[in-house]
Amino acid sequence: MNKVHPHPHLARSKSLLSIVIPFFNERAMLPLLLERLLPVVSNLEMSWELVFVDDGSDDGSAEFLIDTIRREKRIRLVRLSRNFGKEAALTAGLEHARGEGVLIMDADLQDPPELVPDMVARWREGVDVVLMQRRSRRGEGWFKRFSAYMFYRLLNRACRSPIPVDTGDFRLMSRRAVNALLSLNERNRYMKGLFAWVGMPTVVVPYDREPRAAGTTKWDFLGLLGLALEGLTSFSAAPLRWATATGLIAATLGAVFGLWIVVKATILGDITSGYPSLVAIITFLGGIQLLGIGIVGEYVGKTYVESKQRPIYLTRDIIENTAVAGSSQR
Ligand code: UDP
Ligand code: MG
């Protein structure tokens with residue numbers, strides 16, 4: 001059992017499949033995941049490695065894996081220095097994957113391991129990305145389904161590289177696609193958008209997403225709202241244009257209304273008494289102004305974060321089993 005430090009020049013193997021699994025406090029899920037995933041990968045006609053990324057768990061998840069790694073040298077664990085969020089953890093996993101094909105899945109078994117052989121088969125047909133698309137969202141409430149639906153529609157109106165509806169991070173990518181993805185080194189890692197931006201020959205495969213088998217989702221409403229805002233503002237400047245358009249429309253309406261009041265007072269001789277309408281208009285315009293400033297602020301904030309050029313994540317250590325002869329070389 002060795003602890004090694006990350007090394008940028010990892011040996012790549014042609015016939016190696018890497019499965020990248022980021023997790024945060026999934027102690028209950030990890031044994032179930034391995035129980036289902038290990039038989040599947042063992043039957044693959046190619047060699048494989050599991051790259052787990054511990055996104056700052058404090059529930060003994062890492063200790064469980066370290067114990068497993070003692071017995072299974074094809075599992076590696078990258079531990080981040082703290083919780084950086086799934087997007088950063090995913091980036092860490094991709095950077096540490098050595099395979100010619102890299103598959104990403106969640107640790108909570110919502111992405112069924114049994115689909116891995118199919119995904120590999122599709123990838124072997126020569127595409128760069130095998131993208132898994134949810135057919136159903138069992139176990140997710142109507143609100144989450146509705147907000148996800150609305151979000152994808154909005155996002156795809158705003159972006160030039162459309163994000164396929166109902167897809168997540170569950171996918172298999174060729175080395176070429178992974179390298180392309182890793183060449184995007186922005187700090188705001190909205191992965192779905194980054195994937196879409198990269199493009200590459202893609203095949204979309206529908207599947208049934210399972211409900212979470214144990215533990216709880218790490219996303220609450222505010223978290224999802226944040227992710228949605230993040231997605232929109234990372235991949236499109238369209239909201240700025242929407243703000244401009246709203247301002248234009250409001251100004252036009254105001255001008256027309258003003259003219260109408262003048263006409264009413266001079267030609268029709270109706271002296272305007274419009275205190276309530278004045279209050280309504282001022283409130284409305286004030287709201288629009290704040291919204292506009294808020295949108296601009298989102299972009300200014302993004303620029304600020306990017307300009308600091310901090311690393312996307314920090315590694316605490318990498319744990320792998322190099323004790324067995326013939327294990328992966330560095
Ligand atoms: N995850 C992570 N870091 C976080 C939050 C989540 O690595 O800060 C992992 C989590 O352990 C799981 C995957 O990301 O493997 C998906 O998370 P979750 O199931 O909570 O999201 P959902 O499926 O509800 O979108
Ligand atoms: Mg989940």
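Colleague: Let's start with α7. Which helices do the buried residues of α7 pack against?

Modeller: Keep in mind that this is a predicted model. The buried residues of α7 pack against α6, at 175-182, and α8, at 221-235.

Colleague: And which residues of α7 are buried?

Modeller: The helix covers residues 191-198, and the buried ones in it are Gly193, Leu194, Phe195, Ala196 and Val198.

Colleague: What follows α7?

Modeller: Gly199 does, and its phi is positive, near 75°.

Colleague: OK, zooming out. How many helices and strands does the protein have?

Modeller: It has 10 helices and nine strands. Of its 330 residues, 29% count as buried.

Colleague: What about the largest nonpolar core, how many residues has it got?

Modeller: That core has 59 residues, and Ile19, Val20, Phe52 and Leu103 have the most contacts inside it. As a general point, nonpolar side chains in soluble globular proteins tend to be buried together.

Colleague: Pick Val20, then. What does Val20 touch?

Modeller: Leaving out residues up to four places away in sequence, Val20 touches Val51, Val53, Leu90, Gly93, Leu94, Ala97, Val102, Leu103 and Ile104.

Colleague: Is β7 mostly covered or mostly open?

Modeller: Mostly covered. Strand β7 spans residues 167-174, and six of its eight residues are buried.

Colleague: New topic: Arg36. Where is Arg36 found?

Modeller: In helix α1, residues 29-42. Apart from residues up to four places away in sequence, Arg36 touches Leu109 and Pro113. Arg36 and Leu109 are 73 residues apart in sequence, yet their C-alpha atoms are 8.9 Å apart in space.

Colleague: Last one. Where does UniProt place the "transmembrane region" feature?

Modeller: The unreviewed UniProt entry puts it at residues 242-263 and 275-300. In the model, residues 242-263 are 100% helix and 0% strand, with the end C-alpha atoms 31 Å apart. Residues 275-300 are also 100% helix and 0% strand, and there the end C-alpha atoms lie 37 Å apart.

Note on methods:
Residues numbered from 1 in each chain as written. Chains lettered and ligands numbered in written order. Predicted model: local features only at pLDDT ≥ 70, side-chain atom pairs only at ≥ 80, totals over all residues. Buried ≥ 20, exposed ≤ 12 C-beta atoms within 10 Å, placed from the backbone. Helix = DSSP H or I, 4+ residues; strand = E, 2+ residues; numbered from the N terminus. Contact = placed C-beta atoms within 7 Å. Core = buried A, V, L, I, M, F, W, Y, C linked by C-beta atoms within 7 Å. UniProt positions renumbered as here; feature names shortened; annotations may be inferred.
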